[in-house]
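I opened this one up to see how the chain is put together. My notes follow, in the order I looked things up.

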Amino acid sequence: MRETPEELNELQALLDASLSRSTTHLRSIITERTLTAEQLTQILTGMCTLALSTVTAKGEPRISGVDGHFLHSKWYFGTARSAAKARHLAARPAASVAHMRGEDLGVFTHGTVEILNPEDGEPAADWPDLLAYFKDFYGDGAFDWDNGVVFYRLRPHWMTVYAPDVAKLTAK
């Protein structure tokens, strides 16, 4: 868990607000089957496969997979600079991601992406620390870190979690 107490408080507030703004149908499914911010950050460690939804210029939805990392209460992911999803996100930064583990866990997030290492601009202030994390995770030689890959932070405005059996997710 890499979250500060402030980040955990913000995440809990987001989870609570998102659930309260959800439909009656969704609340009937999730309210008694969700996780706290602290539980979620203890479960979402390492790489989590995400289904990433973007939108084309014609407004057509597209979905693809990315390696997701839940750090500091936000999703981080990367892709090739030449990927269609990179073009979509550059033009339309609204995105949704879902991480699911069978019927045991579903984490659903809507938000706006921010490019962490723009090709022709200043990187995010925390990019050096994030780059160190990614190099440690994938290996220093895994990518052309300067030119070949673009990384994003998804700043969530809505997030909800479905977890019917917390004990099953936290069992070691």
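Which strand does M47 lie in? I found M47 in strand 1, residues 47-55. Strands here are DSSP runs of E with at least two residues, helices are runs of H or I with at least four, and both are numbered from the N terminus.

Ground rules before going on. I am working from a predicted model, where local features need pLDDT of at least 70 and side-chain atom pairs count only at pLDDT 80 or more, while totals for chains, interfaces and linings use all residues. Residues are numbered from 1 along each chain as its sequence is written, and side-chain values use heavy atoms, with hydrogens and water left out.

**M47.** I looked up its cover: M47 is partly exposed, at a relative accessible area of 34%. The scale I use is buried for under 20% relative accessible area, exposed for over 50%, and partly exposed in between, with a 1.4 Å probe and protein chains only. Setting aside neighbours within four places in sequence, M47 is in contact with D67, G68, H69, F137 and Y138; contact means heavy atoms within 4.5 Å. I also checked M47 against D140, which is 93 residues away along the chain, and their C-alpha atoms are separated by 16 Å.

**Whole chain.** I counted 6 helices and 6 strands. Along the sequence they follow the pattern α-α-α-β-β-β-α-β-β-α-β-α. The radius of gyration is 16 Å, close to the 16 Å from the globule rule for 172 residues, so the chain is as compact as a globular protein of that length. That radius is taken over C-alpha atoms, and the rule is 2.2 Å times the number of residues to the power 0.38. Buried residues make up 41% of the 172.

In what order do the 6 strands close into a barrel? I read the order as 1-2-3-6-5-4, with antiparallel pairing. On average, neighbouring strands of this sheet are turned by 40° against each other, direction ignored. Axes for such angles are lines fitted to C-alpha atoms, for helices over the stretch in contact, and angles run from 0 to 180 degrees between N-to-C directions. I counted 3 bridges between strand 1 and strand 4, which run antiparallel; two strands pair if DSSP finds at least two bridges between them.

**Strand 6.** I went to residues 149-162 next, where 11 of the 14 residues are buried. Strand 5 (residues 105-115) runs antiparallel to strand 6 and is joined to it by 10 bridges; E114 stands opposite R153 there. Strand 3 (residues 74-80) is also antiparallel to strand 6, with 6 bridges, and T79 has V150 as its bridge partner.

**H99.** Is H99 buried or exposed? H99 is buried, at a relative accessible area of 4%, and lies in strand 4, residues 94-101. The side chain of H99 makes a polar contact with the side chain of R101 at 2.9 Å. I take a polar contact as a pair of N or O atoms within 3.5 Å; within protein, one must be able to donate a hydrogen and the other to accept it, and residues adjacent in sequence count only if both atoms are side-chain atoms. The backbone oxygen of T49 also lies 2.9 Å from a polar atom of the H99 side chain.
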